[in-house]
Amino acid sequence: MTVTTHDEQTHPARTPVPATEGGPGGAHLVRRLLVLAGVVAVVAVLVLALPGLGAVRRAFADVAPGWIAVVAALELGSCLAYVVAFRPAFCRNLPWGLSARIGFAEQGTNVLVPTGGAGGLALGAWALRRAGMSGERIARRSVAFFVLTSGVNFLTAILVGLGLAVGLLSTERGLPYTLGPAAAAALVLGVVVALARVLPHQGEAGEARADAGRLRRLAARGGGALGDGFRDAWTLLKTRKPALLLGAVGYMVLDAAALWAAFRALGTSPDASTFMLAYVLGQLGGLIPLPGGLGGTDGGLVGALVLYGTPVAAAAAAVLGYRLFQLAIPAVLGALALGSLRKDPGEISGPCD
């Protein structure tokens with residue numbers, strides 16, 4: 001059936017796009033998966049063969065299988081938490097099965113396509129459009145979802161950084177290493193709040209672009225989507241949707257716990273007081289548009305952990321082990337979910353508001 005959502009009541013109902021129209025190709029994603037597997041294999045061979053990496057190889061000598069299983073379980077839990085947050089962020093009547101398929105496909109796309117995270121949002125927009133959701137709602141809720149899931153990282157940087165700076169958490173690092181990241185994260189969140197107040201609504205942007213040039217129309221449309229997305233994020237926070245909040249927090253916390261478990265699998269652990277700060281700073285490397293963040297995320301995490309006192313060999317070994325699961329689990333789940341979406345796009349079962 002065709003769904004008319006609350007924000008579409010003055011417009012004709014959208015007909016879901018046929019499953020064969022548009023969207024990423026399954027064969028293309030399979031090739032990406034094979035390329036990613038090849039890159040991971042090459043990295044493994046280099047770690048095993050290159051001179052100068054003896055300390056890293058020795059770190060893998062006594063790996064605890066039980067902790068490896070914990071790493072895999074935590075990464076799977078992180079993927080599931082993303083799905084839990086996805087549904088209430090976009091539409092309360094989005095079927096859980098469809099939410100899971102879109103959420104897994106988004107995460108898999110972020111691993112396989114080098115777009116710095118934008119590929120997953122585009123894939124989700126494609127799937128939601130075929131399910132009957134309006135383009136305007138997809139645009140603003142995609143922004144809101146990104147803000148909420150990323151905001152957990154920034155809030156963590158603020159709380160941990162302040163805790164370290166004022167002595168609630170012990171560290172030998174000075175204020176540039178503690179208060180500096182907290183201040184930067186607070187500045188980013190402050191900019192988001194300010195933009196939510198000054199950017200126009202999508203309807204106002206549409207009126208302003210009627211006789212404007214193409215670039216100005218695109219800029220107005222994008223500014224309207226950003227403004228409404230930032231405002232939707234605040235609205236979603238005020239509604240205190242338990243699934244959304246728990247999912248957004250669980251998505252980050254379980255992933256960070258997987259990295260901690262990777263350290264435990266190697267019989268070591270980083271400094272507990274600075275671990276979360278190093279984690280959220282290191283993840284910024286994933287914004288570099290590389291397949292799976294290979295090189296960016298890895299280098300960012302290792303660099304941040306070393307900066308906060310973890311030995312280089314231990315940090316490199318733990319990050320490599322953690323990243324194996326962080327890449328493989330979303331990639332496999334995403335490839336399966338995308339194949340299912342192309343065959344059966346699914347439909348939203350009722351109004352979204």
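Trainee: What is the torsion about the S-S bond of cysteine 91 and cysteine 352?

Mentor: The torsion is about -95°, so this disulfide is left-handed. First, the ground rules. The model is predicted, so local features need pLDDT of at least 70 and side-chain atom pairs pLDDT 80 or more, while totals for chains, interfaces and linings use all residues. Residues are numbered from 1 along each chain as its sequence is written, and side-chain values use heavy atoms, without hydrogens or water.

Now the bond. The structure holds one disulfide (a pair of cysteine sulfur atoms within 2.5 Å). In the cysteine 91 and cysteine 352 pair, the sulfur atoms sit 2.2 Å apart. Cysteine 91 is in the loop between α3 (65-90) and α4; cysteine 352 is in the segment after α13 (312-343). The pair therefore ties together parts that are 261 residues apart in sequence. Helices here are DSSP runs of H or I, at least four residues, numbered from the N terminus.

Both cysteine 91 and cysteine 352 are buried (under 20% relative accessible area; exposed is over 50%, partly exposed in between, with a 1.4 Å probe and protein chains only). Cysteine 79 is buried too, because its relative accessible area is 2%.

Go on to helix α4, residues 96-112. Of its 17 residues, 14 are buried, so α4 is mostly covered.

Key
Helix = DSSP H or I, 4+ residues; strand = E, 2+ residues; numbered from the N terminus. Expected span 1.5 Å × (residues − 1).
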